[in-house]
Amino acid sequence: MNKRTRFAIIIAVLAVCFWFLWPSISWYVRTPKDEQTLALGSLEKIKDYSTVKASEDVNAIKKIANADASAMLDGSYDYLVKSAKKNYKADNKKVPEPMNVSAVLGAFRNEKELLDVIEGKYRDAILKAKSRYQNSVKLGLDLSGGMNIIVHADLDAALASQSDSNAAISDPAQFKKDAMAQAIETLTSRIDKFGLTSPVIRQQGEDRIYIEIPGAADGESVNTLIMGKGILNFRLVDSDATEKFNQYYQAHAASTFNADGNLIDSSIIPSDTEVIGLYTKDDYGLDERIGYLVVKKEIALDGQHIKSAQVSANNITNRPEVNFVLDTDGAVIFGDFTGAHVGENLAIVSDNKIKSYARINEKIGGGQVAISGFSVEEAQNLQKVLQTAWLSVPLEVESQQVIGASLGDMAIRQGVEALIVGLIAVLAFMLIYYLGAGFNAIVAQVLNMYIMFAILSAFNLTLTLSSIAGMILTVGMSVDANVIIFERIKEELRNGKSRAAAIASGFDNAFWAIMDSNITTFIAAIFLSQLGTGSIQGFAVSLAIGVVSSVFTALVVSRLMFDFQTDVIGKKNMSISWRVK
């Protein structure tokens, strides 16, 4: 491999590494702490924050307009002025000059449209920060603080409850599998709703669930979420009240709800109703609010009456529909209710969110209910909502460990200090013992750390104390390759070879010795990463990454530096030892 090829490879690797590392740099260095806090919240929390801030801005702009309609908005509203000009052009209207506050407000058809633009500005900024976090190196619980919880799911009790209710379970093993999957999904929904930061929730063994929640979290609140049962019920939709509310909301979007999401003026809807958000699943599988419905406070049917739910195809239209079976009491209640409200809409409410609503076409008796009018994906989502009610799995917290944020800060500081001190000590030894050649080793080690962090960022790996330990070990081990190369070069120089010949022979003769030792270490690290768990796995992964990057920097980067000094700078002598020149 010639020098140009080697140089091109190094530049390409460094550029790719910078691309991978940039999200981590942007998140940990360029993102303010308050913005990090917002970005780490759930999507619902982000939406609520954006809505409140947008409402405040709308009210502030209206106040400016009432005081002086010819006033100019300050630079923080440049995006709004730009959007207003775009609206004028879209409507084939002349853009007013100057664009004062009155002209800006005149570009929007109603207050809701203005609110949406401002809310989008806040939302996009926070979601952009959230995207940076998702693509950056994560800090583990031992660094960032948080909680890890192991929950036991009593699948036998869930199976027994179905047997007691005379529900036919043809495949107990499949029932347990479905119940476990639903328990995990339910917990994920609850914890994300609580506004916690990127929780890790996975099955551990046959009947246990491992939950890892980074950041500060209230243990009692989390346990309440885990132990509580999701509330699912059916409510009648008040169509007239919904239409009037939506008209009111379009005109008063900024002053309809307070910061807690409650109606400021409760008189805009009948006293026996309430406003609940209508949700659908977005591209990420999370709940996304798409509107509001006014529903009766009285519950038409409680979800505990649902015995089973499944998705099937309609025999006539072949379109997907959701079928669920009610118990005896539920069948009577539902039959009487639907018979009295034919032609009206019925909403399915889960955890105070409307997940779906459908028109009652006829009286539904016998306990066999079919809901149609959905896509396959919507039908499957609705099935999961209904399953929440009947797949009731008793959950018990077996263990809970809380790591404070102060401990995390201390661990980060100590880990970084150990890494820096170890790196400085190793590099100082290389510089003192190998003189000028030691400088090549220093550059190689710095690039080695740079590449390691870039790989961690590229694969969104989690940085823990054990990972830092693996890096510290890598710093010490990675100079072995440089030591082997330098000693071989020294031998060639003692045999009377020139600088160029000694460098070429030194690298060639050291190649397989370096590869053999690092390949064996890499194999051990791979086995540890696959067979180990927790801290052992983190240590093994960082060690494996360090082995690969150290071989690259020793054989490619260090070699290029030697060749550059020989062929470009024109050095004849070798500064590699106190006794060999």
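In this predicted model, the axes of helix α15 (residues 465-494) and helix α16 (residues 499-531) come within 8 Å of each other and cross at roughly 145°, and the crossing of α15 and α16 is right-handed. On the α15 side the contact is made by residues including Met477, Ala481, Ile484 and Arg488, while α16 contributes, among them, Ala502, Ile503, Phe507 and Ala510. Sorted by class, the contact of α15 with α16 has 12 nonpolar, four polar and three charged residues.

Charged side chains also pair with one another elsewhere in the chain, and the count comes to 18 salt bridges. One of these pairs sits within a single helix: Lys53 and Glu56 both lie in helix α3 (residues 43-67), three residues apart, which is about one turn of the helix, and their side chains meet in a salt bridge at 3.6 Å, N to O. Lys53 counts as partly exposed, with a relative accessibility of 24%, and Glu56 is also partly exposed, at 44%.

Another salt bridge, at 3.0 Å from N to O, joins the side chains of Glu111 and Lys62. Because Glu111 lies in helix α6 (residues 111-134) and Lys62 in helix α3, this pair ties together parts that are 49 residues apart in sequence. Glu111 has a relative accessibility of 15% and therefore counts as buried, whereas Lys62, at 32%, counts as partly exposed.

Asp156 and Lys176 likewise meet through their side chains in a salt bridge, at 2.8 Å from N to O; Asp156 belongs to helix α8 (residues 155-164) and Lys176 to helix α9 (residues 172-193), so that the pair links distant parts of the chain, 20 residues apart. Finally, Arg6, Arg559 and Asp563 are linked in a network of salt bridges.

Note on methods: Residues numbered from 1 in each chain as written. Predicted model: local features only at pLDDT ≥ 70, side-chain atom pairs only at ≥ 80, totals over all residues. Heavy atoms only, no water. Axes fitted to C-alpha atoms, helices over the stretch in contact; angles between N-to-C directions. Helix = DSSP H or I, 4+ residues; strand = E, 2+ residues; numbered from the N terminus. Left-handed = near helix turned anticlockwise from the far one by under 90°. Contact = heavy atoms within 4.5 Å. Nonpolar A, V, L, I, M, F, W, Y, C, P; charged D, E, K, R; others polar. Salt bridge = Lys/Arg side-chain N within 4 Å of Asp/Glu carboxyl O. Buried < 20%, exposed > 50% of the residue type's maximum accessible area, 1.4 Å probe, protein only.
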